[in-house]
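Here is a short briefing to read alongside the model. Please keep the structure open as you go through the points.

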Amino acid sequence: SAYHMQRAKQLFNKAGLDVLPYPTDFKIRGSYNIYDFLPKLGSFYLTVRALKEYIALLILSFNFS
């Protein structure tokens, strides 16, 4: 999934594997309407998932070996 690609690549590289990233399963639509700009509970869920990914990338940036 493109959503986890950067973190997955870092983990593979840390394990000594050289990978060629190929993003798939993008989480975007491409078209919007007026209701897309109103607050939704699902948007909070996506924000939490994105924050989890960024925190994981931050933790991976430290070398714990």
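R7 sits in helix 1, where helices are DSSP runs of H or I with at least four residues, strands are E runs of at least two, and both are numbered from the N terminus. This is a predicted model, in which local features need pLDDT of at least 70, side-chain atom pairs count only at pLDDT 80 or more, and totals for chains, interfaces and linings use all residues. Residues are numbered from 1 along each chain as its sequence is written, and side-chain values use heavy atoms, leaving out hydrogens and water.

**Around R7**
- The side chains of R7 and E53 are joined by a polar contact of 2.8 Å (a pair of N or O atoms within 3.5 Å, one able to donate a hydrogen and the other to accept it; residues adjacent in sequence count only if both atoms are side-chain atoms).
- Beyond its neighbours within four places in sequence, R7 is in contact with K52, E53, A56, L57 and L60 (contact means heavy atoms within 4.5 Å).

**How the helices pack**
- Helix 1 (residues 5-14) packs against helix 2 (residues 41-61) at an angle of about 25°, and their axes are 10 Å apart (axes are lines fitted to C-alpha atoms over the stretch in contact, with angles from 0 to 180 degrees between N-to-C directions).
- That makes the two helices roughly parallel, a label for angles under 35 degrees.
- On the helix 1 side, Q6, R7, Q10 and L11 meet K52, E53, A56, L57 and L60 in helix 2.

**The chain overall**
- The chain holds two helices and zero strands.
- Along its principal axes, the C-alpha trace of the chain spans about 50 × 25 × 10 Å.

Conventions. Angles under 35 degrees count as roughly parallel, over 145 as roughly antiparallel, 65 to 115 as roughly perpendicular and the rest as oblique.
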